[in-house]
Amino acid sequence: QVHLVESGGDSVQAGGSVRLSCAAPGYGEFCMAWFRQAPGNNRERLATMEWVATITGDGQTDYRDSVKGRFTISRDPAQTTLYLQMDSLKPEDTAMYYCALARVRWCESHPTFYASWGQGTRVSVSS
């Protein structure tokens with residue numbers, strides 16, 4: 001079982017920035033993703049997970065339209081940590097954010113593609 005640990009969640013005002021981290025040592029060659037879930041849901045309800053961004057084993061990135069130009073997914077050079085830099089935050093970005101891992105090099109945006117999930121870190125954006 002892969003152990004993923006998110007951190008960095010915070011409460012900020014609209015327009016602010018937050019950087020999320022996901023410790024994932026040894027999995028830099030695989031697809032990783034960030035998903036988010038609106039308040040009131042739980043991690044087991046995959047149908048309510050909203051895809052945010054992915055990074056393939058080759059470093060190719062992709063984003064949902066609503067976060068393009070504001071969020072950046074990346075890995076550290078040692079490929080032990082996944083990041084999500086979130087800028088120009090909006091109240092609709094408020095959610096629990098989860099990192100996820102698929103043991104393949106390519107990525108898909110559906111949550112069922114991912115076998116390993118972290119426990120989540122909360123981001124709250126006030127207007």
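Analyst: A disulfide here is a pair of cysteine sulfur atoms within 2.5 Å. By that test, this predicted model holds two disulfides.

User: How do you know that C22 and C99 form a disulfide?

Analyst: Their sulfur atoms are 2.0 Å apart. The cut-off is 2.5 Å, so the pair qualifies. The torsion about the S-S bond is 55°, and the link of C22 and C99 is right-handed. C22 sits in strand β3 and C99 in strand β9, 77 residues apart.

User: What makes C31 and C107 a disulfide?

Analyst: The S to S distance is 2.1 Å. That is within 2.5 Å, so the bond is assigned. The torsion about this S-S bond is about 125°, so this disulfide is right-handed. C31 lies in strand β4 and C107 in the loop between β9 and β10, so the pair ties together parts 76 residues apart in sequence. Both C31 and C107 are buried.

User: What is the pairing of the bonded cysteines, numbered in sequence order?

Analyst: The pairing is 1-3, 2-4.

User: Why is the aromatic pair of Y27 and F30 called tilted?

Analyst: The ring centres are 6.3 Å apart. The limit for a pair is 6.5 Å, so Y27 and F30 count. The planes make an angle of 35°. Stacked needs under 30 degrees and edge-to-face over 60, so 35° is tilted. Y27 is at 17% relative accessibility and is therefore buried. F30, at 14%, is buried too.

User: What makes F35 and W117 a tilted pair?

Analyst: The centre to centre distance is 5.0 Å, with 50° between the planes. The distance is within 6.5 Å and the angle falls between 30 and 60 degrees, so tilted is the class. F35 is in strand β4 and W117 in strand β10, 82 residues apart. F35 has 0% relative accessibility and counts as buried. W117 has 12% and is buried. The whole structure has seven aromatic pairs.

User: Which residues touch the most other members of the largest nonpolar core?

Analyst: W34, L84, M86 and Y97 do, in a core of 28 residues. Strand β9 gives the most to this core, with four residues. L84 has contacts that include V18, L20, W34, V52, F71, I73 and Y97. Another core, of twelve residues, lies apart; C31, Y98, A100 and C107 are among them.

User: What is the order of the strands in the open sheet?

Analyst: The order is β1-β3-β8-β7, with antiparallel pairing. The edge strands are β1 and β7; each pairs on one side only. The twist averages 15° from one strand to the next.

Technical notes
Residues numbered from 1 in each chain as written. Predicted model: local features only at pLDDT ≥ 70, side-chain atom pairs only at ≥ 80, totals over all residues. Heavy atoms only, no water. Pairing = 2+ DSSP bridges. Helix = DSSP H or I, 4+ residues; strand = E, 2+ residues; numbered from the N terminus. Axes fitted to C-alpha atoms, helices over the stretch in contact; angles between N-to-C directions. Core = buried A, V, L, I, M, F, W, Y, C linked by side-chain atoms within 4.5 Å. Buried < 20%, exposed > 50% of the residue type's maximum accessible area, 1.4 Å probe, protein only. Contact = heavy atoms within 4.5 Å. Phe/Tyr/Trp six-rings, centres within 6.5 Å; stacked < 30°, edge-to-face > 60°. Lists of a residue's contacts leave out its neighbours within four places in sequence.
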